[in-house]
Amino acid sequence: MNKPRLVLSASPHLLGADSTPRIMMTVLLSLLPVVAAAIYTFGPSAFLILCASTLGALLPEKLVGKQGSLKDGSALITGVLLGLTLPPGMPLWMAFLGGFFGIAFGKLIFGGLGQNAFNPALLGRAFLQAAFPVAITTWPKTGGPWMALRGDNFALPLMSPQVVDGTTGATPLGLFKFEHVPTSTSSLFFGSTSGSVGETCAWIILLCGLLLAWKNYLNWRIPISIFATTFLFTGVLWLIDANHYPSPWFMLFSGGMMLGAVYMATDMVTSPTTNLGCWIFGAGIGLLVVIIRIWGGLPEGMMYSILFMNAFVPFLNRATRPKVFGAPSRAELRAAKRAQKQEDQT
Amino acid sequence: MFGKDFFKHGVHPPEFKELTAQEPTRRIPFPKEIILPLAQHIGAPAVPLVKVGDRVERGDKIADAGGFVSVPIHASASGVVTKIARAPHPNGSWSEAIHLEVDTWSAQEPRPRIISNWQENLSPKEIIDAIQQGGLVGMGGAAFPTHVKLSPPPEQKLDLILLNGCECEPYLTTDHRSMVEFPDRVHLGTRILMKCLGVQKAIVGIERNKPDAIEIMRATVPSDLDIEILPLEVKYPQGAEKMLIKAVTNREVPTGGLPMHIGVVVQNVASVATIAEIFETGLPLIERILTVTGRGVRQPRNLIVPIGTPLEDILQACGGFAEDAAEVIMGGPMMGIAQGNLRTPILKGTSGVVVLTTEDVKPKDVYPCIRCGHCLDACPVFLDPQILGSLGLHQDYETMMEHHLSTCMLCGCCSYVCPSRIPLSHIFGVAKASLRSQGVRV
Amino acid sequence: MSQADQPKSASAASIVLTLCFAGVLAGLLLVVVYQATQPRIQAYKDKMLKLAVEEVLQHPASYQTLYLVDGKLTPDLPAGSSAHDFEQVFHGFDQQGHSLGFALVHARAGFQDTVRVIFGYHPQTGDMLGMRVLESKETPGLGDKIEKEAWFGEQFSSCTLPLIGVKAGKGTGDRHEVDMITGATISSRAVIRILNEAFTEWNPLLQPLAEEEQP
Amino acid sequence: MGDLIWILLSTMVVNNFTLAYFLGLCPFMGVSGRVETAFRMGMANIFVLVLTSICSWALNTYVLDYAPYLRLISFIVVIASLVQIVEMAIKKLSPTLFQQLGIYLPLITTNCAILGLAIFQTNREYNFFQGLFFALGAGLGLTLALVLMASIREDAERAAVPAAARGMALVLIIAGSLSMAFMGFAGLGSAA
Amino acid sequence: MRETTPSEDFLRGVWKENPVLVQMLGLCPALAVTNSVENSLAMGIATFFVLCGSSLFVSLLKHFIPHEVRISTYIMIIATFVTVADMGLEALVPTVHKALGAFIALIVVNCMILGRQEAFASKRPVGRSLLDAAGSGLGFLLALLMIGGVREILGSGSFLGHPLFGPHYEPWVIMILPPGGFLTLGFWLLGMNWFRARKQQRRVS
């Protein structure tokens, strides 16, 4: 009998088909329609911003990341996601800086993929929000020729953008918060409003999210609990005073809610590992978004809510670990303790 | 009292059972040499009763139980003891074994040892002794001496015999064939168990992917016995004792406890069939049904092989290796152990031989953990393999114990689902071995 | 530290004595420094307040400090109390002794922390004379423009209370409108709200005093 | 009441003592290795902060009006003796609580959050209840920051942190990120 | 304890055992007031003054202070000097005093100062104690300037109030906000660790 060279590997000898690069690539592919919609809406500016933030994210990964860590595609996703959250008219150097900061200080400092505590794309954006509060809230007007730039993309590095008055618009959330002008849900849903590069077209993001959830590449509990909490909380407020508070549909489809709930909050590394944890995590984000949007100083709170809840993830993971099979339940433990105490007393 | 037909979590790997599910069992020619390791079961190894040069007949006891948690070993063929020396053991080590040179022209007729009229003549105690003397161990893979499971402490009340016909490991069809071909033996074995334990109720749990087995078993249930055939969800590791109990009765075996502590005795269907054989034919456990399968073997088959047959002869009987065969596994692909030596013998607890191809074993890149949580969703005992894995990589075994490492049964679900291909169950195995060497019970 | 280094245990009396001595010494030193610095500090504080009051009342010839005592504004403090126990209003007069208006200090939560504002206005017309942010911790480069950008403060001198905020350049020329700072809407609104709140709170008290001539 | 709640929330998240005012950094850096310890430290801090608030309010109202230059000395003396008394009282009343909190109490004396509270409370001329809510908010904020930091650090301990970032550098950058995350609450209560 | 030379006493605190960058002491003022070079300078000098003053007094009085109450006495001495510094700053440079706010008073709980008293001034002669205090104070000032420098240059585009990059510079506002403090110090530590590791590697190879 012929005897082949035998392999000796550890069990299990059968592995599932999913792999980390495959997950990353699928997420990236699912982002393509979102990117396409962004370019359709905002023209070349959107494309430039996405390129700049992606380059910014790839550079530190290439310089100091582990050998071959570019291959897993995670830095690429961070870059694209960051680009999608920025206003299209922002100077490119800022987008680049955001990507660089997000990866260098949000991810590599923790040891690279899988180790970071905060979503690197959002951390990059939070950095930009804190560093350049004006540039990141300067939104272009909708409409106009497709080829035109939507702002001063080509401002020199470290220099301020030259904003021409009259070309700036306002996001639906900003309009609501500061001028109390609501935007119709249909224009939010189909993306004809002003806003960040990739956040205006709700239905495309939702579809891509459904695809990812079906592939089990995102934990559907997170977006569902975010949506449910936001909807219920706003709904209650809206029923109390419909003139003062926005409608729950408006809340759900405006701003970065869709992009954040589908792509940011579900980042595997920075969301809880337990399902119960995911429910709480999502509910926390939903609550915070409503609180910040309605009572806070900023019109949009998605980014901060997710970052804030990111910080709770290690804690949630610990607190929501399921009861191990065969171990006594909490109630049983309590009963045992009580019995012990009684025994001690007698 | 009864739960659902499934437990929570677990995985569903591709089954590959179609390769052998319809293959009837067949005998193979006796090999030239039979190797019988003294430690074929959990517990103390057996003590040899023969010396080099002794002639033994098929079915003779050649080694006696080394204690209560131990069973004798019987010659699985007539022949001459050539040596008692170290031989490759399926667990990867070398261990003491009795080597038999098989008589070429022997009829291999066993000496009759029929236990007549056991129903009237034997007390439960005597039945259990007979089972021990028959060398019986769990044949599903764990090889736990059967009589130990049947000897609960006197104050423990048992109310259910649970027959494990799940066979959740992919590829394997051993139990499947036992049930299809020998349903009466399974029922007879159940009858014996019920008598000796004084339990009135038995349930046979069978995964739904074996409809023929379910049907045949149902059709053959003796009218005077309360045996229920329960179809179960197809899910790995449905056949793990604790999972099966949870699925059928919704009871949880407490950490560190045994099924008997919650009133249940679980037996593999093949073991039960062998119990019947002991009392029916008088033959001890000297042969077993074995699935030889995988795309790396030319003719996947279900065989009846003498215990101690080397792998080589078994593969020979199945047409040998295919062109691209690459890995030989004893047991199922999820928990089985890869073999490097083809002289390794089949043991009482070996439920199958799976030969994988180069394609199946292609090395895969390992990536950092991305905390996707899939392992938590897969772990049937609700551990946090993600934390355990990272602790294991830092060799922080003590903290691993705090995270219930001892509950882990190395089923491999976490490794199976891990998209980063982190060998989690291997890490846990190493941790357990290291802790055990320090005398920690895990 | 080795045992030999350890000073031998001191008696309770010496401990108390040392502490008392140190306390007295410290107290003495502090009193001296306090006496030396206090006049300058107080003078600076008064000067800053005076400057602010004069600015928001558009340089009155003189002004008078009124204290809110038991719901009434009086220029005299009750005996045995100090000035900072009461809320204060500054009443400005021109050279002829005619009332110009009142200056008020009011504070409220801003974007980061409390924003404290002083402003002057005429209680009958509601016309404002001036506004200045005394204290704020708003975002540098954005919210702090309410304090740092001159035009923001200056525009108030041509406004009439109560105010409404409008986007810069979108106003209709109404005297109730205030241009907000682009990107710092919250901080701008905080200022506007402070002024409106102070207006509703104080106007009933100030209205009757508006005709008063300089005593 | 709204005023009090604003003080509480503002001190807890908007102007978090640790992440925005840099007060109590010593325990934040030193005692944030384990969640359990961090939590207990936070609890001990809340307790002492509330007591300090009451004491400094009393001092300000009844004593220091006449000698403002003694403010700092009297605060620090009062805090030190307060901690001492609390320690003794707990030891006497509840030995188990003492076991849990005992070692953290002396550490609190040199914690600038306590003195900071007293000084801020004085500068802002808070009355008794405002001071109480201020202390409560400060303590809760401190505990929140501590526990979050500790849980993130526990995870980071097993991460492959690059050698140059190990230790305080990483802790500071996590703190910076946390501080950024807390910035989202700015303006809370100012818009409505 | 090994005998040290006077220059060692002085230099140790400046760099090798820098209170902020190495010993991580006095972080509260090092981060809270370093949003501009001017504030850093003022805080550094105030701390320097308090440290030298209290070291001088502690060293002078060390034989009269009973061991049991030494900490309370030190704190009292420190608090006195801080109050003096506080009032002095308010009288002389009121704008700086306003910018530093409560953090001047908080010098009292700067563990660095108490640490120097306990570790050095209470055991050594007056001159040495002063040298040690001056070294540590200088090190503290240096660290504050390093942090304040980065924060002002990036955060306002200026140094000591002088614009560096022209009128079109876009300031990184975050640097003068609280996160900027944490990030800047973290960045300095990161750089120093990296540099040290590289130096060590060179020495090995």
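User: Which residue forms a salt bridge with Glu54(C)?

Analyst: A salt bridge is a side-chain nitrogen of Lys or Arg within 4 Å of a carboxyl oxygen of Asp or Glu. Here Glu54(C) is paired with Lys50(C), and their closest N and O atoms are 3.3 Å apart. This is a predicted model, in which local features need pLDDT of at least 70 and side-chain atom pairs count only at pLDDT 80 or more, whereas totals for chains, interfaces and linings use all residues. Residues are numbered from 1 along each chain as its sequence is written, chains are lettered from A and ligands numbered from 1 in the order in which they are written, and side-chain values use heavy atoms, with hydrogens and water left out.

User: Is Lys50(C) buried, exposed or partly exposed?

Analyst: Buried means under 20% relative accessible area, exposed over 50%, and partly exposed in between (1.4 Å probe, protein chains only). With a relative accessible area of 41%, Lys50(C) is partly exposed.

User: How many salt bridges are counted over all chains, and which parts of chain B does the pair Arg58(B) and Glu287(B) tie together?

Analyst: The count comes to 42 salt bridges over all chains. In one of chain B, the side chains of Arg58(B) and Glu287(B) meet at 2.9 Å, N to O. Arg58(B) is in the loop between β4 (55-56) and β5 (61-64), while Glu287(B) belongs to strand β13 (residues 287-293), so the pair links parts 229 residues apart in sequence. Arg58(B) is buried at 8% relative accessible area, and Glu287(B) is buried at 12%.

User: Which residues are joined into one network in chain E?

Analyst: Arg116(E) forms a salt bridge with Asp132(E), at 3.1 Å between the closest N and O atoms. Arg116(E) lies in helix α6 (residues 111-121) and Asp132(E) in helix α7 (residues 126-156), so the pair ties together parts 16 residues apart in sequence. Both Arg116(E) and Asp132(E) are buried. Salt bridges that share partners join Asp9(E), Arg12(E), Arg116(E), Arg128(E) and Asp132(E) into one network.

User: What does the rest of α6(E) pack against?

Analyst: Eight of the 11 residues of α6(E) are buried, including Met112(E), Leu114(E) and Phe120(E). The buried residues of α6(E) pack against α2 (25-30) of chain D, together with α1 (6-16), α3 (37-61), α4 (70-92) and α7 of chain E.

User: How many residues of chain A are in contact with chain D, and how much area do the two chains bury?

Analyst: Contact means heavy atoms within 4.5 Å, and buried area is the accessible area (1.4 Å probe) that two parts lose on being put together, summed over both. By that rule, 30 residues of chain A are in contact with 31 residues of chain D. The two chains bury about 2500 Å² between them, 77% of it on carbon and sulfur atoms. On the chain A side, Ile109(A), Phe110(A) and Phe308(A) lose the most area to chain D, together 22% of what that side buries.

User: Which side chains meet in a salt bridge between chain A and chain D?

Analyst: The count between these chains is one salt bridge: Glu154(D) and Arg318(A) meet at 3.1 Å, N to O.

Note on methods
Helix = DSSP H or I, 4+ residues; strand = E, 2+ residues; numbered from the N terminus.
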